[in-house]
Amino acid sequence: MNTQNRSKYLVPQNDGAPSTSQDPLAAVPAYLSERYTVLDRVGEGTYGVVFRVLTKDQPPRMLAIKTFKPGKEGDGISPTAIREIMLLRELRHDNIVHLEAVHLHRPDPSLSLAFDYAEHDLYEMLRFHRERGMGPVLETYTVKSLMWQLLDGLQYLHANWIMHRDLKPSNILVVGEGEEQGRVKIGDFGLARIYACPLRPLSDNGVVVTIWYRAPELLLGARHYTPAADVWAAGCILAEMLALRPLFQGNERKSPASAFQAEQCNKIFRVLGLPTVSSWPALEHLPHWRDNTENIRAQKLEYPPKSRLAEVIAEYSALAAGSGANPAVQQRGALTDLLSRMLAYNPEDRISAADALEHLYFKEEPQPGKNAFMHNGRLLVQYPRRCKIGPAGATASMPPRAPLNTCDAPQARLAPSRNATPAGVLGAERKLTPVSAAVTTHTTPQGLPPGSASTRPRPPSNKRPHLDPWLR
Ligand SMILES: Nc1ncnc2c1ncn2[C@@H]1O[C@H](COP(=O)(O)OP(=O)(O)OP(=O)(O)O)[C@@H](O)[C@H]1O
């Protein structure tokens, strides 16, 4: 089995098959059951396992608890990490997943974080369209609403000197029902760096680290991360919503850690053309550009003399729609203008999240809304609910527990994974109010039960539509 294609939701077995034999809730720390009824397990990321729970207060609320994997012996949770988590608790925005509670179990130490629960994420939504051959792809209104909300959340983070650094479809959560139906919740910010220390390198875990959303300045060796890199990732996500496939889908070179990611850069250059020092003066100081200029220039003929972004988006999205007519790209002028500003090579020229919200694209009809699923009183698509893996016989008062190993999604096949980029997050200064909320600590000497293998079914394959051969 090609480990690059292995979903990170699966703990590798000798034969590469997922394990379904272990109790999916075995990894729930005992101290959590004092406060929550654990319903089922919704997934596993690089750093932890996520459970769906109900609070035991009245009325019960549904939350997602992320329980972080125990670190190697001797690895504690640093005060810096705790401070950062506490800062995350202060974030309040409609489009940022809210960190409800922090449970720190000192003896291990182990940590569980409680967030708003969101039934969908953009990765699964895109997969749904791709797999079901929904044709056409996402509705224009849905694309606009999701992007508008994502940018709104981003501008809030950036205004507070926080950068996400790991934006990708699987981190774009979307609420399924209730008052906040169709609402984007940016998830997973900041936590990757906090948990990077105790874990083995991602490659040891057989996890693919996606670089598809990584900005060119980072690929070319820039040391400093700026909010513009989040906007690049958001631009890639906008393109992916239209095309149902990642715009720049390169393979990552895993080592050394600072390796020049030639293939990923190549994918970008083949669509946008080569960057130039005249339009991006800092380029000549970027180490990977400097060290590889000759090689890059030697392949010049492979790259278009000017950006082909508009054509590529039109081609890809027509392929995704199957019929050659994708309503989401009908307003091509404004859409491609916004996209090309979000995907500007020079980070200083790249549009900010705040300015992007003012772009003509969002002013043209249909204008974006707070509920990305519902337009003019009509539910546009009923997305399948998350795959959840519950224990037979667990009880829950609200809503009914998902049956064992079920989900509404089609049975899974292996796919390029939902991938993670190692990330850090918080800028040095913030406009946030001082931290007021307290961490709940648990000092009873209960260790984490031994972690169990994830039993999440494999996602289906990420079928690539037929591509323009020179874009391969
Ligand atoms: N607040 C939430 N509500 C519902 N599901 C969630 C929530 N947060 C995370 N999940 C789901 O739990 C699973 C694991 O999430 P997690 O954030 O740990 O990993 P990831 O984003 O997929 O990858 P990584 O952390 O490695 O970048 C995913 O399916 C994710 O969509």
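How many helices and strands are there in the chain? I find 11 helices and 11 strands, where helices (H or I, at least four residues) and strands (E, at least two) are DSSP runs numbered from the N terminus.

**Ground rules.** I am working with a predicted model, in which local features need pLDDT of at least 70, side-chain atom pairs count only at pLDDT 80 or more, and totals for chains, interfaces and linings use all residues. Residues are numbered from 1 along each chain as its sequence is written, and side-chain values use heavy atoms, with hydrogens and water left out.

**Whole chain.** I looked up burial and found that 58% of the 472 residues are buried; buried means under 20% relative accessible area, exposed over 50%, and partly exposed in between (1.4 Å probe, protein chains only). The chain exposes about 19800 Å², with carbon and sulfur atoms supplying 51% of it. These areas come from the Shrake-Rupley method with a 1.4 Å probe, and for residues only the protein chains shown count as cover. I then turned to contacts (heavy atoms within 4.5 Å). Of those between residues at least 6 apart in sequence, 75% join residues at least 24 apart.

**Salt bridges.** Side chains of opposite charge can pair when their charged atoms come close. I count a salt bridge when a side-chain nitrogen of Lys or Arg lies within 4 Å of a carboxyl oxygen of Asp or Glu, and the structure holds 17 of them.

I started with Arg61, which is partly exposed at 35% relative accessible area. Another takes Arg61 to Glu100, at 2.9 Å between the closest N and O atoms. That pair links distant parts of the chain, 39 residues apart: Arg61 sits in the loop between strand 2 (48-55) and strand 3 (62-68), and Glu100 in strand 4 (residues 99-105). Glu100 is partly exposed too, at 23% relative accessibility.

Next I checked Asp121, whose side chain meets that of Arg386 in a salt bridge (3.1 Å, N to O). The two are 265 residues apart, with Asp121 in strand 6 (residues 120-121) and Arg386 in the loop between strand 10 (378-379) and strand 11 (440-442). Are these two partners buried or exposed? Asp121 is buried at 0% relative accessibility, and Arg386 is buried at 11%. I also noted one network, in which salt bridges that share partners join Asp94, Glu180, Arg183, Lys185 and Lys370.

**The sheet around Asp121.** Two bridges join strand 6 to strand 7 (residues 172-174), and the bridge partner of Asp121 in strand 7 is Leu173.

**A helix pair.** Last, I looked at helix 6 (residues 227-243) and helix 10 (residues 332-342), whose axes come within 8 Å and cross at roughly 145 degrees. The axes are lines fitted to C-alpha atoms over the stretch in contact, with angles running from 0 to 180 degrees between N-to-C directions. The contact includes Trp232 and Leu238 of helix 6, and Leu335 and Met342 of helix 10.

Technical notes. Pairing = 2+ DSSP bridges.
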